[in-house]
Amino acid sequence: MSLVNNRRPLGNSDLRASKICLGTMTWGEQNSEAEAHQQLDYALAQGINFIDTAEMYPVPPQGETQGRTEQYIGTWLASRGQRERIVLASKVTGPGDWMTHIRQGPQLTRAHIREAVEGSLRRLQTDYIDLYQLHWPARPTNFFGKLGYVHQPGEHTPLEESLLALMELMQEGKIRHYGLSNETAWGTMKVLQIADREGWPRPLTVQNPYNLLNRSYEVGLAEISHQENVGLLAYSPLAFGVLTGKYLYGQQPAGARITLHQRFSRYQGAQAEAAVTEYVALAQEFGLTPAQLALAFVTQQSFVTANIIGATSMAQLQENIATAALELTPEQLQRIDAIHKV
Ligand code: NDP
């Protein structure tokens with residue numbers, strides 16, 4: 001029997017997506033093509049129909065692996081022939097290195113977006129992408145806070161130009177809908193305002209980090225989601241694996257993401273460590289693993305349309321997908337809030 005059997009509408013569209021979305025960011029770096037296909041087969045058998053990827057995955061140290069994740073999904077789609085069953089989401093970042101994108105905002109010009117979508121369609125071996133997301137706003141933001149943004153003045157693509165390019169792609173049938181990512185409440189309202197003013201379709205979703213260590217959705221975007229019917233997709237529900245407790249007390253698990261890449265250290269530090277220690281103890285008291293507690297918390301939030309999970313092994317994937325059947329009680333949620341101290 002499948003574990004993820006209900007579907008939720010994405011925004012006001014006819015798309016129906018599973019509440020667990022399969023993230024793919026590690027494929028082509030920590031995971032081989034065969035492992036990626038195994039994850040896809042298992043996820044689909046468990047009722048997941050929603051897959052999230054990006055032209056820039058796996059986030060490369062120097063750009064040499066960019067696009068490999070989409071290639072792996074493309075070979076799977078070509079061999080399995082299940083395209084119509086899948087809600088396929090990808091993202092455009094535009095040219096350049098990813099750290100610059102985060103600090104300054106990518107150049108999301110019409111030409112860059114058109115070129116990017118052609119590349120994604122080719123690698124994914126499909127004629128259309130269901131949900132095409134602007135990976136970062138084309139302006140400097142401090143959404144991640146801790147990364148030490150430098151707010152640099154500069155030439156940024158006007159939002160109208162990026163949106164117009166997406167409208168063209170929708171008309172051409174290359175993308176069915178569009179969404180935002182790493183966007184603020186202000187930026188989301190701005191896009192809604194322009195779309196309404198121009199009579200264009202609205203974005204279906206916003207995809208930002210949301211987890212027990214980063215509950216920024218609850219300030220602004222959750223309200224927008226309810227009031228404006230914009231779906232919120234939660235990424236990094238385990239805070240890059242930190243919420244499993246496996247990095248506590250200076251542990252360096254072999255092959256794990258943060259051990260491999262310092263760039264994923266956003267959720268480390270004394271404050272995070274103290275909170276994770278408390279969440280690990282709470283999970284134990286509830287008879288759950290720390291990962292189960294963290295993932296169930298995200299999935300059951302009323303403003304979260306889908307929880308985008310990631311896994312580097314089948315054991316992780318099985319544990320994470322199984323949390324779709326968990327529901328924390330109001331008392332358990334209160335105990336979590338007491339640790340978060342909002
Ligand atoms: P998580 O925070 O859930 O981290 C997933 C990682 O944690 C895994 O790769 C694995 O890494 C570890 N892990 C997962 N499950 C377990 C487990 N049960 N026990 C122990 N360790 C576990 O999510 P991600 O940060 O990977 O994000 C998920 C997806 O969201 C991505 O694949 C991508 O699709 C999307 N995303 C979007 C972004 C955006 O800018 N829009 C940014 C980031 C992600 P390891 O084995 O190495 O420890």
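Which residues does arginine 123 touch, not counting residues up to four places away in sequence? I started my notebook with that one, keeping in mind that this is a predicted model. The contacts I found for arginine 123 are Glu55, Gly67, Glu70, Gln71 and Gly74. I placed arginine 123 in helix α4, which covers residues 110-124.

**Entry: the barrel**

I then traced the sheet. Eight strands form a closed barrel in the order β3-β4-β5-β6-β7-β8-β9-β10, and the pairing is parallel. On average, neighbouring strands of this sheet are turned by 30° against each other, direction ignored.

I looked at strand β3 (residues 20-23) in some detail, and both of its faces are covered. Ile20 and Leu22 are buried on one side, and Cys21 and Gly23 are buried on the other.

What does β3 pair with? I followed it both ways. Three bridges join β3 to β10 in parallel, and here leucine 22 stands opposite isoleucine 309. Two bridges join β3 to strand β4 (residues 50-52), again running parallel, and there leucine 22 stands opposite isoleucine 51.

I also followed β10 to strand β9 (residues 231-235): three bridges join the two, which run parallel. In this pair, alanine 234 faces asparagine 307 of β10.

**Entry: the largest pocket**

How much space lies in the largest pocket? I noted about 910 Å³. The lining has 50 residues, and the closest to the pocket centre are Met25, Ser236, Phe240, Arg257 and Phe264. I sorted the lining by class and got 24 nonpolar, 18 polar and eight charged residues. Looking for the elements behind it, I saw that α3 (98-104), β10 (304-309) and α11 (314-322) each supply at least two lining residues. That brought me back to β10, the strand that pairs with β3 and with β9.

**Entry: the cavity**

I counted one cavity of 30 Å³ or more, and the largest cavity holds about 50 Å³. Its lining is made of Met25, Thr26, Glu29, Gln30, Val59, Arg257, His261, Arg263 and Phe264. By class I have three nonpolar, three polar and three charged residues there.

Definitions and conventions
Residues numbered from 1 in each chain as written. Predicted model: local features only at pLDDT ≥ 70, side-chain atom pairs only at ≥ 80, totals over all residues. Heavy atoms only, no water. 1 Å grid on protein atoms, 1.4 Å probe; cavity = no way out; pocket = protein on both sides within 12 Å on 5 of 7 lines; lining within 4 Å. Points joined across faces, edges and corners; volume = space filled by probe spheres on them. Helix = DSSP H or I, 4+ residues; strand = E, 2+ residues; numbered from the N terminus. Nonpolar A, V, L, I, M, F, W, Y, C, P; charged D, E, K, R; others polar. Pairing = 2+ DSSP bridges. Axes fitted to C-alpha atoms, helices over the stretch in contact; angles between N-to-C directions. Contact = heavy atoms within 4.5 Å. Buried < 20%, exposed > 50% of the residue type's maximum accessible area, 1.4 Å probe, protein only.
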